[in-house]
Amino acid sequence: MGSLYIVATPIGNLDDITLRAIKTLREVPVIACEDTRHTQMLLNHLEITGKRLIACHAHNEAASSQGIVGLLSQGLDVAYCSDAGTPGVSDPGSRLVRAVREAGFTVVPIPGASASVTLISASGLSGKTFTFEGFLSPKSGRRKTRLKELLSRDEAFIIYESPFRILKTLSEIRDLDDSRRIVLGREMTKAFEQFLYGTASEIISQLKVVKGEFAFVVLPPEKERDDSDEEDE
């Protein structure tokens, strides 16, 4: 029987692809993609040719999953790539994985780049706990309610945001609690990578270029971080 390989791909810099991911993409006969055009550019960069590409994105994932299960039942191995980073983490892929597991086939993760882990590694977060929230609701009321819940927890949380809403979301955090420190990453691993540190109001004043992909981590309150440091000592 065939196996499904969940392949993490670079979030920006194409050199961040792992050797195991390259080997997998070279060996499988079929690659399912969030966007076939995007994945084809990666394959061109890696000089991988002759692959059958099929679309599996947020709008057709349920139907496409059944087609992929059919390919696995024929003994074909299939790799799945979202546009960037690790599939299933604020990207399509989770429904596909469930369908394949329920059909009795093997799912093999091929780990690699993830925007959330990249951000945490550059944030200086020393605590053990953080919440990965991903994209908030585009609806203002739901977004503010969720932000209040996250800020009340006194622990770090990670948000992904579009360039069209980043200033609005930061402004809402400023209005709710402008004491919390934030580390914001823009265009991480790309040519114009930028990291900003400060309160929401400070970052709003520093953010001169509102373009590209954004992710930020809201750090725990200062007191919480001080207490954890004392316990370590």
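**Sheet architecture and helix packing in the predicted model**

An open sheet of five strands, in the order β3-β2-β4-β1-β5, shows parallel pairing (pairing requires at least two DSSP bridges between two strands; strands are DSSP E runs of at least two residues and helices H or I runs of at least four, numbered from the N terminus). Strands β3 (52–55) and β5 (106–110) stand at the edges with a single partner strand each, so one side of each lacks a neighbour in the sheet. On average, neighbouring strands are turned by 25° against each other, direction ignored. The model is predicted, with pLDDT of at least 70 needed for local features and 80 or more for side-chain atom pairs, whereas totals for chains, interfaces and linings use all residues. Residues are numbered from 1 along each chain as its sequence is written, and side-chain values use heavy atoms, without hydrogens and water.

Strands β2 (residues 30–33) and β4 (residues 78–81) pair in the parallel sense over four bridges; Tyr80 in β4 is the bridge partner of Ala32. Helix α3 (residues 61–73) packs on the sheet, touching β1 (3–7), β2, β3 and β4 (contact: heavy atoms within 4.5 Å). The direction of α3 makes about 150° with that of β3 (angles run from 0 to 180 degrees between N-to-C directions, and axes are lines fitted to C-alpha atoms, for helices over the stretch in contact). Helix α4 (residues 94–102) also packs on the sheet, touching β1, β4 and β5, and its direction makes about 145° with that of β5.

Thr24 lies in helix α1 (residues 19–27) and counts as buried at 9% relative accessibility (buried: under 20% relative accessible area, 1.4 Å probe, protein chains only). Beyond its neighbours within four places in sequence, Thr24 is in contact with Tyr5, Val7 and Ile110.

Technical notes
Buried means under 20% relative accessible area, exposed over 50%, partly exposed in between (1.4 Å probe, protein chains only).
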